[in-house]
Amino acid sequence: MQNMVLPSTTSEATEPLIKIQNVSKRYHNTHALQDISLEIPRGTIYGLIGPNGAGKTTLLRILAALLTPTSGQVWIEEQEVTRAPSIIQRKVGYMPDFFGVYPDLTSAEYLEFYAGIHGISRQKRNGIVADLLELVELSSKRDAMVETLSRGMKQRLCLARALVHDPEILLLDEPASGLDPRARVELRELVRTLQGLGKTILISSHILLELAEMCTDIAILQNGQLVIAGDVEKVTHQLGGGRQIDIRLLDKARVTDTIAHLEKIADIHNITTNEDRLIQAEFTGDDEALHHILAALINQGYPIVSFAPRSGGGRLEEVFLNITERSNQS
Ligand SMILES: Nc1ncnc2c1ncn2[C@@H]1O[C@H](COP(=O)(O)OP(=O)(O)OP(=O)(O)O)[C@@H](O)[C@H]1O
């Protein structure tokens, strides 16, 4: 299947922070990555999605300057990653997909150790460690042994470790794997907080739903090849996935005529109403079309209380399965 790289709305305004140009990686006879080109806009939460063995870890390790591509180049701003690994490692925080074995350390000692590795002076370490523990909501566990933390807590500690040198870019390899739903929500909130702090974040997962609600952009990898990439809305739209809109009305008596109005709009499909004043529908247009629909509803006096398009959501998983199936067949 031909690669589709869609322009990102965020990348239109600014130069991408990361440029991946024709990157391939071969391990003996395995083509882990094949001619991948991708641009990561600054400030995005970029989801790297693909089934096991798709090449996600390989790509993240190349971006972290921990692995050299067989061919192609990766640029982070004006630096080519293989030519300046130590500069890149200062800009990048990498959280691997495995925890490894923890030495006999408390949470605070663990972070202090990594702060030392990054050359942070002793005077600054205490303050940085306290700030990081607060950020990942582990202040109450500062003196707990790492081994005694829950999986979700270990995951957050690992994320704090990746942040110890205040990198601009965070590479998180399967950060949600093995977490229960509550820990996943906490992780999602933390990732959003980090985006708010100006970080550009790449997150991999083989489960699209884990990422759908938190990513601004996604790239789907399959057998080392890029299947599609771009802003979540555009990818979903391009693949015919559509979005769901939840429309809540003030007045139950107006549900029927609102539905009759929506039924006449070409981009709206599968309208349902399962609660008193809530109408749900699928929408396959772009944001401009959505704006016109909302403006018309308001202008014509429909009593709208809320009008909420949901990015991706459940539909994305379907899109992902469709696209990986299609590329398997090609
Ligand atoms: N060190 C290695 N030596 C040989 N083959 C490797 C090595 N590392 C990865 N591979 C192979 O490269 C391909 C891509 O692996 P990679 O770990 O990047 O995929 P992934 O998408 O992260 O998968 P997962 O979700 O299972 O972690 C796989 O076929 C894998 O077996």
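This report describes the architecture of one protein chain, from its overall layout to selected details.

## Basis of the description

The structure is a predicted model, in which local features need pLDDT of at least 70, side-chain atom pairs count only at pLDDT 80 or more, and totals for chains, interfaces and linings use all residues. Residues are numbered from 1 along each chain as its sequence is written.

## Overall layout

The chain contains 12 helices and 15 strands. Helices (H or I, at least four residues) and strands (E, at least two) are DSSP runs, numbered from the N terminus. Domain 1 covers residues 4-231 and domain 2 covers residues 243-311; these bounds come from an automatic or database domain assignment. The centres of the two domains, taken over C-alpha atoms, are separated by 38 Å.

Of the 330 residues in the chain, 39% are buried. A residue is buried if 20 or more other C-beta atoms lie within 10 Å of its own, exposed if 12 or fewer, and partly exposed in between, with C-beta atoms placed from the backbone. Among contacts with a separation of 6 or more, 70% join residues 24 or more positions apart. Two residues are in contact if their C-beta atoms, placed from the backbone, lie within 7 Å.

## Nonpolar cores

A nonpolar core is a set of buried Ala, Val, Leu, Ile, Met, Phe, Trp, Tyr and Cys residues joined through C-beta atoms within 7 Å. The largest one has 71 residues, and L63 and L171 touch the most other members. Beyond its neighbours within four places in sequence, L63 is in contact with I18, V74, V81, V92 and L171. Another core, of 8 residues, lies apart from it and includes I245, I247, I268 and A281.

Strands β2 (residues 18-27) and β5 (residues 71-76) run antiparallel and are joined by 5 bridges. Two strands pair if DSSP finds at least two bridges between them. Within this pair, K19 stands opposite W75 in β5. Strand β5 is also joined to β6 (residues 79-80), again antiparallel, by 2 bridges, and I76 has Q79 as its bridge partner. β5 and β6 form a hairpin with 2 residues between them, and E77 in the turn has a positive phi of about 50°.

In helix α4 (residues 107-117), the buried residues are S107, A108, Y110, L111 and A115. Seen down the axis of α4, they fall within an arc of 160°, so they line one face of the helix; the arc is that of the directions from the helix axis to the C-beta atoms. These buried residues pack against α5 (122-135) and α6 (151-162). Just after α4, G119 takes a positive phi of about 75°.

An open sheet of 4 strands has antiparallel pairing in the order β13-β14-β12-β15. Strands β13 (268-275) and β15 (304-310) stand at the edges with a single partner strand each, so one side of each lacks a neighbour in the sheet. From one strand to the next, the twist averages 20°. Within the sheet, 6 bridges join β12 (residues 243-249) to β14 (residues 278-283), and R243 stands opposite F283 in β14.

Helix α10 (residues 255-263) packs on the sheet and touches β12, β13 and β14; its direction makes about 165° with that of β13. Axes are lines fitted to C-alpha atoms, for helices over the stretch in contact, and angles run from 0 to 180 degrees between N-to-C directions.
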